[in-house]
Amino acid sequence: MDSAPRHPPSPIGEPPLTRALLIGTALAFLGLFLLLPLVAVFIEAFRLGPGAWIAAITEPDALAALRLTLLVAAIAVPLNVVFGVAAAWAIAKFEFPGKAVLITLIDLPFSVSPVISGLVYVLLFGGGGVLGPWLKAQGIEILFAVPGIVLATLFVTLPFVARELIPLMQDQGASDEEAALSLGASGWHTFRTVTLPNIRWGLLYGVLLCNARAMGEFGAVSVVSGHIRGLTNTVPLHVEILYNEYNFPAAFAVASLLAVLALVTLVLKTALEARLGSGTTPSPSVREHATAWISRSTTSAKPSTVMPPP
Amino acid sequence: MDIQVHDIRKAFDGHAAALNGLSLSVTSGELLALLGPSGSGKTTLLRIIAGLETPDSGRLLFNGTDAAHRSVQERNVGFVFQHYALFRHMTVAQNVGFGLAARPRARRPSRPEIRRRSEELLALVQLQGLEHRYPTQLSGGQRQRVALARALAVEPTVLLLDEPFGALDAKVRKDLRRWLRDLHDHTGHTTVFVTHDQEEALELSDRVAIINAGRVEQVGRPSEVYLTPASAFVCGFMGACNGLPVQVRDGAAFLNGATRPVADGLRVADGPTVMYARPHDVALTTDDTGPGLCGIAEAVRVAPGLLRVDMAVPGLDTRLELDIPMSDAHWTAVRPGQPIQVRLTHCHVFPS
């Protein structure tokens, strides 16, 4: 007889077998569909050794793609911060006609396929488009050039910061700002010393997700870029080109950079969620999209691992 | 500083008017309570005085000069929010010093000066030693006092408090009430506070303004508004009140179908009206010749120092509530189901 006290089975718990089966299924699924592909990216990337990996990412076209991706993110992310803070401020602190429409419009890029987002710019700025001929006459190139890529990226990343801040600022209300104003602080002083610190973690979270999406965006950018090597190729587009040329080691090497970006984003995101956790949690819609996009930004740029080599 | 509010109107989109031609004057140095049920417009009035809302029409005078177009910053009011609105990322000392640190460079005190002032104010609100805590590390009562110290730091001309004790538990509320009264007597700021708790208003303030449906029903000293209410609303809002529908004939009031008057010597016109009497204004009597009421004691409950009786009276739809003090010699004779006889020692009749 065992002398240890026996625990009666928990009335709401599952039998051990069921529990093992459920946990096992979940882990197997995660391993098969998330971990294995991720590991495969790095294995493929380093198949020919570190030298080949370095060669693949320091090749001039790859470097140009990297530079362009960083440039696009450097433009799109700050603009989104400005727009996001302004929109969230307006929505959370004021009542005005058309507020519901604005909230819906902010969500539009989430609900539209990125390809459509890109096509909209083709229709607007293309040769047969609304503004295209006039801009061409002025000597301004938008489509198949950097401005088009920036615009398409701006469009698809538009909701991230705003969506993150709106619930946070609505939850906080306006009384902190009112208190600051009543104490004699100017509007700018209030924004800098009261509003910004109150939203800083949410804002950082939005910036992080916005950046991941801006660097990983494939669909919309693919439509407007024109795929000119060394000029209008971003990193995801560069991976696709390498892959289509059957240059698998190079494709995987460059893709591994995006995978690292995704991993770094995930780690930072988890850390930020811990900071945010005590207060307001990020809105579920952004989380879903973020997670979907982080995984997509690696997969879209990453050739399918189940395909046999030629 | 004294404040004059003249015929202020304010409506929020799609809602009934919050303020409906409200007028009120606040005398310099007094502690005034704005008392009213929720939705009566009292907080809106406070926010208009502070400059956090703009009235649709009406005049607002500070010391006789127009203040309606001054911005919040220019009005120099100390506003204490219901939920304190402390800056959560700043320490207690930084919160208190915020108003001084936010001043334009020319008028901004030096850092050591700001620190000295914060410490002084924290001593005033009895929170020495908590300078480096964050608001989340404080209790509700402590947060309230930090909010007060922060508002006082800018040397406001008037102190406005929105439901200052609303979020505190009963014991802390009682202590803080007394403490705020002492602080007011000590600093002498003109103070206006909003409350829906009549006991708080009566105990704390010099004068009470009772607000209902966006208008002032009555302004007066606590004893005035309690003992001589100006309207049925004030009477009912300031404490429990029995309403007796009566017919008045030659100054005597009769319940429906009764031959004995409930009260006489009233100076009101003949006809139907409603008489109001508080439970403690109804006394036991054995004299059945004068005005009075007979009925059955239906429910009898003991409360500290008194007996609460629900009395059924013929010709009256509702039960009459009475509080019989235990100092009354006959209180032990009141038993459930037994007939009792009472008279009104005090009652109110309002012109309809």
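Chain A contains 14 helices and 0 strands. Read from the N terminus, the order of its elements is α-α-α-α-α-α-α-α-α-α-α-α-α-α. The coordinates belong to a predicted model.

Chain A comprises 310 residues, and 45% of them count as buried. Among its contacts with a separation of 6 or more, 76% are between residues 24 or more positions apart.

A:Leu22, A:Ile23, A:Leu27, A:Leu30 and A:Leu34 make a nonpolar surface patch of about 500 Å². One of these residues, A:Leu22, is placed in helix 1 (residues 16–45) of chain A. A:Leu22 has a relative accessible area of 54% and is therefore exposed, since exposed denotes a value over 50%.

The other patch carries charge. B:Arg105, B:Arg108, B:Arg111 and B:Arg115 form a positive surface patch. Within chain B, B:Arg105 is found in the loop between helix 3 (92–101) and helix 4 (111–124). Because its relative accessible area is 68%, B:Arg105 counts as exposed.

| Residue | Relative accessible area | State |
|---|---|---|
| A:Leu22 | 54% | exposed |
| B:Arg105 | 68% | exposed |

Technical notes
Residues numbered from 1 in each chain as written. Chains lettered and ligands numbered in written order. Predicted model: local features only at pLDDT ≥ 70, side-chain atom pairs only at ≥ 80, totals over all residues. Heavy atoms only, no water. Patch = residues over 30% accessible without salt bridge, like charges linked within 9 Å, V, L, I, M, F, W, Y side chains within 5 Å. Areas by Shrake-Rupley, 256 points an atom, 1.4 Å probe, with all protein chains shown as cover. Salt bridge = Lys/Arg side-chain N within 4 Å of Asp/Glu carboxyl O. Lys, Arg positive; Asp, Glu negative; His and termini not counted. Charge placed at Lys NZ, Arg CZ, Asp CG, Glu CD. Helix = DSSP H or I, 4+ residues; strand = E, 2+ residues; numbered from the N terminus. Buried < 20%, exposed > 50% of the residue type's maximum accessible area, 1.4 Å probe, protein only. Contact = heavy atoms within 4.5 Å.
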